[in-house]
Amino acid sequence: MKVSFSQGGSFTTIQDGGRFGMAHLGFPPSGFMDVISARLANRLVGNEPDEALLEITWTGVEFSVDVACAVALTGAQFDGTVNGQPIDAYGVVSLQAGDCLRMGPLQTGVRAYLSFAGGLLLPSVGRSASTLTLAGLGGLHGRPLQAGDELPLKQPHQVIQRAVPAWHRWPQQNIHVIRVLPGPEFALFEPGAIKQALSQPYQISQDSNRQGFRLQSTPIQGPKDLSMISSGLLPGTLQVTPDGQTILAMQDGQTTGGYPRLLVVKQDELHKLAQIRPHQDIYFFCER
């Protein structure tokens, strides 16, 4: 009982709810970038919310199954076909043994989530199956999926076929407002720098991944004569570099850093960042 991939996509990894309690050893939490979409995909097929699934970035996968099963697709929206016939590739899709599902062009968002009813049969590292490519651990051999890979299914079965309501799908929009809290070094920045940081737009640069997003904006003046030792980082921490640029730590980011931490994205807002494309405007709204 397995899934056989003829296309692995540009960056498809296995992720689950995350690898927690190991930051003191240098391990980031990893796990779902868009936790809302990932848990929805699992709920649609009756899995536990944090069950391991596929996180598919920018380009879709193509695979066949050798047993009747059901999958669910959420998050970024792709065109899709089964055996060459168009399907609504957002919701539950029923597959028979020998069927081939192909994800076509990306329509909205950045990351899609594909769950298998009954889950995937994968080893656990640090109580998680999440892939951490920097360390080469978790998932399938610690790397993104590629053509020729096979994944064993745990308990494949069919479920009721259903679509996701339109209001729950990732919308087409070019401006995003993200709620944040003051970071540990917030009070060390000059009032003018804080005002600038909370009024100007940011854009995610092409130099961004699961480790972190480099943001493009007018440079921010950091605290003067500040000497910092490396301090803890959480996903969503916005650091300001000496040249005034900003880096937003994400799920696979390092657990410590030496740049001043101006803002921290509220944890229930992180999922939005996972679906924002380069050249779309981000504004930070500070709740203080």
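**Close-up views of a predicted model**

**View 1. Surroundings of Thr 108.** Not counting residues up to four places away in sequence, Thr 108 touches Ala 76, Gln 77, Trp 170, Gln 172 and Arg 277. The model shown here and in the following views is predicted. Thr 108 belongs to strand 8, which spans residues 100–116. With a relative accessible area of 6%, Thr 108 counts as buried, because the cut-off for that class is under 20%.

**View 2. The largest nonpolar core, with Leu 273 and Phe 284.** This core comprises 32 residues, and Leu 273 and Phe 284 are those with the most contacts inside it. Two or more residues each are given to this core by helix 1 (35–44), strand 10 (175–182), helix 2 (191–197), strand 12 (212–216), strand 14 (237–240), strand 17 (261–265), helix 3 (270–273) and strand 18 (281–286). In soluble globular proteins, nonpolar side chains tend to be buried together.

**View 3. Contacts of Phe 284.** Residues up to four places away in sequence are not counted in this view. Phe 284 touches Ile 178 and Val 180, together with Leu 198, Tyr 202, Leu 215, Leu 238, Leu 263 and Val 265.

**View 4. The largest pocket and its lining.** The space in this pocket amounts to about 320 Å³. Its lining consists of 16 residues, and Gln 211, Gly 212, Arg 214, Ile 247 and Gln 254 lie nearest the centre. Strand 11 (203–208), strand 12 and strand 15 (246–249) are the elements that give two or more residues to the lining. Strand 12 supplies the largest share, three residues. Sorted by class, the lining has nine polar, five nonpolar and two charged residues.

**View 5. The aromatic pair of Phe 32 and Tyr 113.** Four aromatic pairs are found in a search of the whole structure. In one of them, Phe 32 and Tyr 113 are arranged edge-to-face, at 6.4 Å centre to centre and with 85° between the planes. This pair links distant parts of the chain, as its members are 81 residues apart: Phe 32 is in the loop between strand 2 (11–15) and helix 1, and Tyr 113 is in strand 8. Both Phe 32 and Tyr 113 are buried.

**View 6. A cluster of aromatic rings.** Phe 5, Phe 63 and Phe 116 are linked into a cluster by ring pairs.

Definitions and conventions. Residues numbered from 1 in each chain as written. Predicted model: local features only at pLDDT ≥ 70, side-chain atom pairs only at ≥ 80, totals over all residues. Heavy atoms only, no water. Core = buried A, V, L, I, M, F, W, Y, C linked by side-chain atoms within 4.5 Å. Buried < 20%, exposed > 50% of the residue type's maximum accessible area, 1.4 Å probe, protein only. Helix = DSSP H or I, 4+ residues; strand = E, 2+ residues; numbered from the N terminus. Contact = heavy atoms within 4.5 Å. 1 Å grid on protein atoms, 1.4 Å probe; cavity = no way out; pocket = protein on both sides within 12 Å on 5 of 7 lines; lining within 4 Å. Points joined across faces, edges and corners; volume = space filled by probe spheres on them. Nonpolar A, V, L, I, M, F, W, Y, C, P; charged D, E, K, R; others polar. Phe/Tyr/Trp six-rings, centres within 6.5 Å; stacked < 30°, edge-to-face > 60°.
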